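Subject: Structure handover

Hello,

Here is the structure we discussed.

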Amino acid sequence: MTHTNTLTPNAPRRQQGLRADDTAVPPVALRQMATGETEATARDELPDVEHLIPTPAPEQARGEARIFHALITAYGRHRPTLTGGPFGIRSLTPRTDELVVRIAPAQTADHPAAHALCHIAGLTTDPLLVQAAEHALDVATRVLADPAHASVYAAGGWAGSCRTYPEGTVHGSNPCLPPGAEAVTDLPEETLQRLGQHFSSRLSDTSLADLASAGREELVHLLDWALAVATRPANRPDWTRDRTDGTLQHTQPLPDHDGTLTLTATTTGVYRVSLDALGLSDLADEDDTVEWEGEAAPSQSAAVLLAEHAVIEAAVCLPFQREHRKQRLLLPAAVSADPTIRSVIAGADYVLGFFTFASVLGRLHERVCSTQGVADGHWRSDPPPDGPATLTALISDWCALPSPHHGEAANTATVDSPTYLRHLAAHRAALDPFVTRYLAAADTLPGARTFEERHLAAFADLRTTDLSALARTEIRPVGERLLHLVRSMPQDPAQLTAWYEHHLDQA
């Protein structure tokens, strides 16, 4: 359906010399070439006029000139591919005192989807941007109808790619190009340049190539948001609006754990996903809250889309999330009453092996003067905050292993005890059998001891242990190279670095 406007005395047309009998081309066809009219309309207009294009009255000519100037200001030179005709005009019927303008359907005031897309993308509803949004929506419609792209949206919708935009760069990487990116940017260079002018603060210093590049980027941006909206999951959260500041919020209980998951999206486009009321002593200094993600989006509507996608990711990743200071799981795992080294390793996300352990020992010898025994606690409570006090605590702190808190039973238990094994299992971490044997022996010495003293105790214990039998408590393969490394450990702590480097040279 074509929208028709009639422009009278304030609506250029000076085609006075083109007469209906001046050319061999049939008058009706010639007029159609100039006006875009249907054959019937052109034929109806011709009988009463001397010229193919009638000369407008002076006031009519001035009015048309003003309108033409306004079109150039809004659109630039015509882009029929983008707008459905020159300046979005499908056809004209020029008369002496009026001009009938038939506008392409996409150019009428009624295109709420394009306006909405501009709003989501943080853009104004300038006519050129609205037309760009219409074009992006057309491409998105074709993309969504293609089953070849269905798997792209399976993981919670295309909003996941929008979360990597420069507004937040959540994942520290560039966004993926959306399907349809080539089609949405397949416009004349002049059109792209005109679009790019809207996003250049210094037009006089910007090359045409850079303007075109900015135009392409914005079209891809619009396509991204169009796909994000269209692929928004159906099982979306219920948002409520704060009457005071307009902030949108959603809360939901955490499954199988105390606490709530809270989503907020402000009117300025900032969104936040947080875990609240977890009841963890780890978070006492943080108001018992963990911020999962907080970033800026182009609009509040865009912030809602991104927050909803972040929640999908949070639901998957929460069981693996650790607090940063002691690497303890925010949601500890359920453990058996009597774990073994073997069972703890089987359920661990990370196992400290003897190879990595050996690389750390030489550096600890150079930096650690003395440590206390396990009976005095792996972590001491004074001065606040608590700090690592045993060799096990120092190794755990260095290698990002979960550590017990002061006051917990595991804080005064050796690493080979059921109590400490339960602590490791709850936080899905483990020490291999050889590391376990070394640290248990080293920390058993009471009181403050030097690193040399604790190393000698651990060295002696390993020398009297049946290493082959100890290897059988490991569920992973234990090669001869590892056993050779353990057997060749030097008694003198000063030789630990050279021992490890020699082993690397032999590898």
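Predicted model: local features only at pLDDT ≥ 70, side-chain atom pairs only at ≥ 80, totals over all residues.

Residues are numbered from 1 along each chain as its sequence is written, and side-chain values use heavy atoms, with hydrogens and water left out.

Helix packing

Helix 10 (residues 208-230) packs against helix 11 (residues 300-317) at an angle of about 60°, and their axes are 11 Å apart. Helices here are DSSP runs (H or I, at least four residues) and strands likewise (E, at least two), numbered from the N terminus. Axes are lines fitted to C-alpha atoms, for helices over the stretch in contact, and angles run from 0 to 180 degrees between N-to-C directions. Trp225, Ala228 and Val229 in helix 10 meet Ala302, Leu305 and Leu306 in helix 11 (heavy atoms within 4.5 Å).

Salt bridges

The whole structure has 14 salt bridges (a side-chain nitrogen of Lys or Arg within 4 Å of a carboxyl oxygen of Asp or Glu). Asp349 pairs with Arg428 at 2.9 Å, N to O. Asp349 is in the loop between helix 12 and strand 9, and Arg428 in the loop between helix 15 (418-426) and strand 13 (429-431), so the pair ties together parts 79 residues apart in sequence. Arg428 is buried at 14% relative accessible area (buried is under 20%, exposed over 50%, partly exposed in between; 1.4 Å probe, protein chains only). Asp349 is partly exposed at 45%.

Regards
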